Amino acid sequence: MRIALYAAGLAACAVLSGCVSARVSQFSGFAQAGVAYVKASQTVLDEAGTAAVRNDSSVLRATRTAFSSDERRDRLARSNELLRQRLVLLKDVGRHGRLLQGYFETLAAMADSKNPEPLAKSASGVYDSISKLGTALRGSSIGTASVSSFMPDVAAPVVAALKVRALDAELRARSKAIAEELGLQEAVFKAIASDLRTDTKARINLEETQDVIAPYIGPRELPSDWASHREQVLFGSGALDRAEAASGAAKKLRECFNSLVQNRLDRASLSSLAVEINALLSLADHLQKAAL
Amino acid sequence: MDAADIYSDLLAQLNETLLCMTSPEWDAASHRGSAGERRRALRQMLDIQQLRLALGNAVLLGIMEKLKANEADLENGRKHLREALTSLEQFGRVLDTIASYITIAGRIVPLL
């Protein structure tokens with residue numbers, strides 16, 4: 001998947017240099033990058049959900065003997081309720097990303113259309129949905145800090161004039177708001193990265209204690225899978241250093257959107273976006289390996 | 001501090017505490033303690049985990065007033081907890097400090 005997405009990024013760059021209409025190609029290249037970003041970020045969202053559930057299960061398992069049967073029932077129910085809420089929140093982040101992808105695809109279609117007016121209406125509708133969901137996400141926290149505390153300062157991009165009037169009007173009306181929604185993705189992924197780090201590290205800690213240290217210091221013979229557990233614990237920690245990749249791709253996407261609006265999006269910008277998206281996929285790969 | 005900062009500090013402290021309580025060093029300290037302390041430590045570990053989940057899901061606006069009202073206690077509790085977690089030698093006292101912090105954090109979001 002990583003190779004395929006990287007190739008998609010490069011294809012977008014090639015489109016940019018094809019120059020039948022450089023401006024139309026910019027919108028199309030950016031829309032393709034948006035699709036790749038959403039696919040990659042969804043993988044990380046899935047892993048974040050899995051990491052939260054796995055860590056909670058590890059803590060419940062480790063602490064089970066300290067609670068009575070009635071207490072266990074209540075505690076398990078509470079954990080399930082909290083995790084369900086968390087998964088809904090992560091789902092909303094994914095939906096917010098997919099709506100942004102739809103918006104960028106609509107812009108690309110407008111840039112290449114002889115009748116862009118109906119598409120302008122559609123872009124406006126998609127924006128309304130993005131904004132509504134974005135408002136809810138801004139007030140949420142997802143782990144370590146409130147999303148709003150991670151929000152970057154977003155300046156209004158200067159819109160370079162476009163021949164397609166409807167597209168020009170759309171960007172003048174909403175480019176700052178869209179840049180802010182991309183800033184929201186960046187902030188959300190920073191919060192998710194921080195939470196993911198704690199969930200993964202805590203689970204690995206517990207596995208080290210229960211599956212590596214306890215059997216080794218105990219009197220019984222070591223289980224046959226002891227060495228593989230140990231490997232898993234030691235290699236699993238590698239994913240933690242990469243957690244920041246989650247917000248890096250969102251930041252780069254926002255920078256590319258600003259360049260697109262200002263008619264400055266070039267091959268180099270899209271290439272560096274492809275690199276960030278690959279880092280995002282690499283993080284997901286590592287998290288999957290850590291969770292085996 | 002504004003409510004968002006108090007919130008971030010509280011969540012960061014809960015995360016840090018969970019990581020400490022799941023560490024091999026904590027496990028070793030817990031095995032040096034009494035059976036009662038071990039049981040208490042396990043119960044507190046689940047308290048911390050559920051508090052961090054509950055706070056992580058909370059909408060800032062909904063708990064802003066409680067955060068401001070408990071700002072001094074949270075800050076004090078955090079300071080004591082950070083100090084306590086640096087050395088696990090007196091395990092019972094570390095557990096007392098965690099218990100106080102859980103009580104304060106439980107004023108922001110209920111445990112059960």
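Is the crossing of α5(A) and α6(A) left-handed or right-handed? The crossing is left-handed, meaning that the near helix is turned anticlockwise from the far one by less than a right angle (clockwise would be right-handed). This is a predicted model, in which local features need pLDDT of at least 70, side-chain atom pairs count only at pLDDT 80 or more, and totals for chains, interfaces and linings use all residues. Residues are numbered from 1 along each chain as its sequence is written, and side-chain values use heavy atoms, without hydrogens and water.

**Overall make-up**
- Chain A holds 8 helices and 0 strands; helices (H or I, at least four residues) and strands (E, at least two) are DSSP runs, numbered from the N terminus.
- Of the 292 residues in chain A, 52% are buried, that is, under 20% relative accessible area with a 1.4 Å probe and protein chains only.
- Take contacts in chain A between residues at least 6 apart in sequence: 82% join residues at least 24 apart. Contact means heavy atoms within 4.5 Å.

**α5 and α6**
- The axes of α5(A) and α6(A), residues 226–236, come within 10 Å and cross at roughly 150 degrees. Axes are lines fitted to C-alpha atoms, for helices over the stretch in contact, and angles run from 0 to 180 degrees between N-to-C directions.
- The two helices, α5(A) and α6(A), are therefore roughly antiparallel, a label for angles over 145 degrees.
- Residues in this contact include A:Ile204, A:Glu207 and A:Tyr216 of α5(A), and A:Trp226, A:His229 and A:Arg230 of α6(A).
- By class, the contact of α5(A) with α6(A) has 6 nonpolar, 3 polar and 4 charged residues. Nonpolar covers Ala, Val, Leu, Ile, Met, Phe, Trp, Tyr, Cys and Pro; charged covers Asp, Glu, Lys and Arg; the others, Gly among them, are polar.

**α3 and α5**
- Helix α3(A), residues 69–111, packs against α5(A), residues 165–217, at about 150 degrees, with axes 11 Å apart.
- That angle makes α3(A) roughly antiparallel to α5(A).
- α3(A) passes α5(A) in a left-handed crossing.
- Their contact divides into 17 nonpolar, 3 polar and 5 charged residues.
- A:Leu90 lies in α3(A). A:Leu90 counts as buried because its relative accessibility is 7%.
- A:Leu90 and A:Leu45 are 45 residues apart along the chain, yet their C-alpha atoms are separated by 6.3 Å.

**α7**
- Helix α7(A), residues 245–261, is largely enclosed by the rest of the structure, because 14 of its 17 residues are buried.
- Just after α7(A), A:Asn263 takes a positive phi of about 60 degrees.

Key. Chains are lettered from A and ligands numbered from 1 in the order in which they are written. Angles under 35 degrees count as roughly parallel, over 145 as roughly antiparallel, 65 to 115 as roughly perpendicular and the rest as oblique. Buried means under 20% relative accessible area, exposed over 50%, partly exposed in between (1.4 Å probe, protein chains only).
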